[in-house]
Amino acid sequence: MLNMMNEPLIQHQQPSTSLNGSFPPTLITYLYVAHFLARWGARMWEFSVGLYMIKLWPDSLLFAAIYGVLESASTAIFGPIVGNWVDSLTYVKVLQLWLVSQNLSFIVAGGTMIVLLVNSALKVTQFSAFILFVILTNISGAVGVLSTLAGTILIEREWVVVISEGHSSPQHLTKMNSVIRRIDLTCKLCAPVVTGFIISFVSLKASALSLALWNTMSVWVEYWLFISVYKGIPALQENDHRRASKSVSDEDQKRKTKLVSSAYFEAWRVYWQQDTVLPGIALALLFFTVLSFGTLMTAALEWEGIAAFEIGIGRGVSALIGIGATIVYPFLQSHLSTLRTGLWSIWSQWICLLLCVGSIWVGNNISSSYMLMGGVALSRLGLWSFDLSVIQQMQDQVPESDRCVVGGVQNSLQSSMDLMGYVMGILISNPQDFWKLTLISFVVVTLAALLYTFHLYRIRKHLFHWEKLILFVKLLTFSSENTQLC
C-alpha cells in the first residue's frame, strides 16, 4: 500500500510564491474533510472498545481497564519517539506511514472482534484461542491509537502553524485551532451516536463490521485529500524542504545515530526546558480521570443498565458542548488573552464536576448515572477551552525546531496520566466501587487547576484585576440605586 502512495494522486500547479504565498481556499476545506475522515474511524473505536470488553468479560471492568493500560502505556512510552520520528521524516512519508498503520490496525481490531463475537463459546471451548484473539485486538487497537498520535502531531502541531504563519489576520491560528478541534469533537459527537444505535438496534457484530469497512474505504480518500493540501500549499513544501535540509546538518546527524533510549530522554529534556511545562502538566493531569465518556465510564454505565444508544447520546451531548467551547474560545482569547482564558476554563470545568461528586450520594442508580453523565457533559466546555489555550501557548512559545518533539512528549505525558487512570480501574475493578474512582478523579482535577493557577500567578504576579472588579461592583451598585430612585 505504501508503494501505491509514493506518487500523489493529484497534481497542483505550484506558483512561485514565498512561504506566505496564497493558495486556493478549497485546500483548507480538503484539510478539514481529511481530518474529519481520519478522526471518525478513531472515535468509532474509542467508543466501541469499552462495550466490546464488557461484553467479552461481563460484570467486571477488568478487560476494559487492561486494554486502557495497554493503549495508554504504548503512547506514554513511544510518544516522544513518535514526535522525533515526525520531526525527522518528510511530510509525505509521515502521511503514508500514519494513514496505513492507523487504518490497517483498526481493520484488524474490527475483524478480530467479529471473530470473538460470532464465536461466543470460544471462551469456554478454547480459552487459549480466546485469549489470543483478545491480545491481538488489544495490540491492534493500541497501534491504531499510537498511529493517530503521529497524525495529531503532524496536523495540529505542525501543518496548522505553518499554514497560519504570515497570515494577514493575527487570529488565523486561533480560528484554525478551533475548527480542527471542532471537527474532532463533531466526530466525538456523531460517531458514538451512530455506533450506539448500530449496537442497540442491530448488534455488536454489525458495529465491528462497520468499523472495519469504514477504515478500509476511507484511507484512500484521506490520503488523496492530504496530499492535495501538501502539493497545493507552497508553505508546506518549503517548510518540508527546510526541515530536510536541516536534518543533514552535523548536529542532527549525530542525533540520528543515538540509541532510541537516548532520543527518548533527549525529548523529555527539551520538554522540561520549555516555558509551557506547567500548563502542559496541568493539561496532562486532566487525563488522570474516569470522568469522561471513555472506556471505564462507558463500561460502568453499561453495567448500571444504561443502554448503549443512551450512552452514545450522552457522549454526543458532551461533544456538542465541547464544540461550543471551540466557538466560545476565540471570543474569550481575544478579550482575556490566551493565558487568562486557560484560568477561567479549568476552574469552570472544576465547578461542573461538582455535579459528578454529588451523584455519589444519590440513592437511585439510574438517576445517579444520569447525574454523572450530566456533570461530565457540562464540564467539557471548560475542558476543551483549556485544551485549546494550552495548545496555543505551546504553538506560540515553543521554538519551531522543538515543536514536534514537545508535541510528542506532551501526548506521552497525557497518556501516562491516562494509564494511571486505567491502573486505578484494575485495582478498583468492581463497578459498584466506581464512586471511589470519581472522587480520586475530582481531586486530580483540583490539583491541575491549582497548578495552572500557580503558573499564571508566577507569570503575571496577580490573578485578578481587583481595581476593575471593584469598579464593576460600584457601577452595578450605582445603577441599582438609580433604578430604585426612578
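## The largest cavity

Helix 5 (127-164) gives the largest share of the lining of the largest cavity, namely 7 residues, where helices are DSSP runs of H or I with at least four residues, numbered from the N terminus. A cavity here is a set of points, on a 1 Å grid over the protein atoms alone, where a 1.4 Å probe fits but cannot get out, and its lining residues have an atom within 4 Å of a point. The model is predicted, so that local features need pLDDT of at least 70 and side-chain atom pairs count only at pLDDT 80 or more, while totals for chains, interfaces and linings use all residues. Residues are numbered from 1 along each chain as its sequence is written, and side-chain values use heavy atoms, with hydrogens and water left out.

The largest cavity has a volume of about 1100 Å³, a volume being the space filled by probe spheres set on the grid points, which are joined across faces, edges and corners. Its lining is made of 47 residues, and those nearest its centre are Arg43, Glu46, Glu71, Phe287 and Asp418. Among the elements that give two or more residues to this lining are helix 1 (26-56), helix 2 (62-88), helix 6 (172-201) and helix 16 (403-427). By class, 21 lining residues are nonpolar, 13 are polar and 13 are charged; Ala, Val, Leu, Ile, Met, Phe, Trp, Tyr, Cys and Pro count as nonpolar, Asp, Glu, Lys and Arg as charged, and the others, Gly among them, as polar.

## Salt bridges and their network

Side chains of opposite charge can pair when their charged atoms come close. In the whole structure 6 salt bridges are found, a salt bridge being a side-chain nitrogen of Lys or Arg within 4 Å of a carboxyl oxygen of Asp or Glu. One of them joins Arg39 to Asp184, at 2.9 Å from N to O; because Arg39 lies in helix 1 and Asp184 in helix 6, this pair ties together parts that are 145 residues apart in sequence. Arg39 is buried, with a relative accessible area of 12%, and Asp184 is buried as well, at 3% (buried means under 20% relative accessible area, exposed over 50%, and partly exposed in between, with a 1.4 Å probe and protein chains only).

Asp184 also forms a salt bridge with Arg43, the closest N and O atoms being 2.8 Å apart, and this pair links helix 1 with helix 6 across 141 residues. Arg43 counts as buried, at 5% relative accessibility. Glu156 and Arg181 form a further salt bridge, with 3.5 Å between the closest N and O atoms, which links helix 5 with helix 6 across 25 residues. Both partners are buried, Glu156 at 8% relative accessibility and Arg181 with a relative accessible area of 6%. Through shared partners, salt bridges join Arg39, Arg43, Glu46, Glu156, Arg181, Asp184 and Asp387 into one network.

Terms used: On a 1 Å grid over the protein atoms alone, a cavity is a set of points where a 1.4 Å probe fits but cannot get out, and a pocket is an open set with protein on both sides within 12 Å along at least five of seven lines; lining residues have an atom within 4 Å of a point.
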